[in-house]
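My entries follow the order in which I looked things up.

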Amino acid sequence: NTNWISQLQTAKEIKDVTYEQVQDGIFRITISLKHNQHWGHSIYYRGNLLTIKIKQQPANLSLRNLTIAVDAGHGGSNIGAGSPTGVAEKDLALAVSLKLQKALQNEGSKVVMTRTAEKFVGNKERILIYRDNPPDLLISIHMNSAADPLRASGTSSLYKHTGFRQLSYFIHQRMLQTGLKEYGNVGGFNFMLNSPTEYPNALVETLFISNPEEEMLILDPAFQQQIADKIVEGIKDFLADAETLRQRL
């Protein structure tokens, strides 16, 4: 029914709703938010009723009040990429993720892990873990690989939805402080862990384990810890930016 749109003063996140019939068969609804940082949404049908739920921005944007999901890429039979010396991506992703878990817990965050041990967890299962209880943020940890082991190098962060770009951007800026080369902040990345719209998420390709020099770095527990710490700093930067945008309202 598009005869009218009721907009209530009690709405906490939705600023305005407009619609237009773009062309036959295409009906566009535009939802403007009160906060400049998009914090997630879900869209589904209940029978014939189209339902769009907009996630409210957390009232307190400090890490100690947030639930962070940490996804250690690969695992079990899904070994991921291999390094020149034969170390599997799944093991390094887990090592960094466990350090990230502890670093976030030290900040007071509640941390939900996809896996904390060497085991297989399918990507669909990972998504379902967080569908019923969406976290405030999700970070997925991976290592990159290329056919050219010498020329391909650097760190990158990836996002799919434009509204979540800032999270990956701020993490990427901090990752560059490790001394790694820039491989880019990559958008439109169609990976399952970047697909949820219910919460901001970012995938971190920490470095190229196919590159011998970078492999030596990631095998060092101290460098793994540095990566975890930089990711935490990037998350803090994202939260501070969201708070600044809120104060401008």
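**Start of helix α5**

Helices (H or I, at least four residues) and strands (E, at least two) are DSSP runs, numbered from the N terminus.

I note that this is a predicted model, in which local features need pLDDT of at least 70 and side-chain atom pairs count only at pLDDT 80 or more, while totals for chains, interfaces and linings use all residues. Residues are numbered from 1 along each chain as its sequence is written, and side-chain values use heavy atoms, with hydrogens and water left out.

I then followed α5 along residues 221–247: its 27 residues reach 39 Å from first C-alpha to last, close to the 39 Å expected at 1.5 Å a residue. The expected span is 1.5 Å times one less than the number of residues.

**Helices against α5**

Which angle do the axes of α1 and α5 make where they cross? I find roughly 50 degrees, with the axes coming within 9 Å. Axes are lines fitted to C-alpha atoms, for helices over the stretch in contact, and angles run from 0 to 180 degrees between N-to-C directions. The α1 helix is therefore oblique to α5 (under 35 degrees is roughly parallel, over 145 roughly antiparallel, 65 to 115 roughly perpendicular and the rest oblique). On the α1 side the contact includes Leu92, Val96 and Leu100, and on the α5 side Ile227, Ile231 and Ile235 are among the residues involved. Contact means heavy atoms within 4.5 Å.

I next took α3 (residues 165–175), whose axis comes within 8 Å of that of α5 and crosses at roughly 135 degrees. This angle makes α3 oblique to α5. Among the contact residues I list Phe170 and Ile171 of α3, with Gly234 and Phe238 of α5.

**The sheets**

I traced an open sheet of 6 strands in the order β6-β5-β7-β10-β8-β9, with mixed pairing. Two strands pair if DSSP finds at least two bridges between them. Strands β6 (110–113) and β9 (182–186) are at the edges with a single partner strand each, so one side of each lacks a neighbour in the sheet. The twist averages 20 degrees from one strand to the next.

Strand β8 (residues 155–158) runs parallel to β9, joined by 4 bridges; Ser157 has Asn185 as its bridge partner in β9. Helix α2 (residues 123–131) lies across β5, β6 and β7, at about 170 degrees to β5.

Elsewhere, I saw β1 (residues 14–23) and β2 (residues 26–33) pair antiparallel over 8 bridges, with Thr18 opposite Thr30. These strands form a hairpin with 2 residues between them, and Gly25 in the turn has a positive phi of about 85 degrees.
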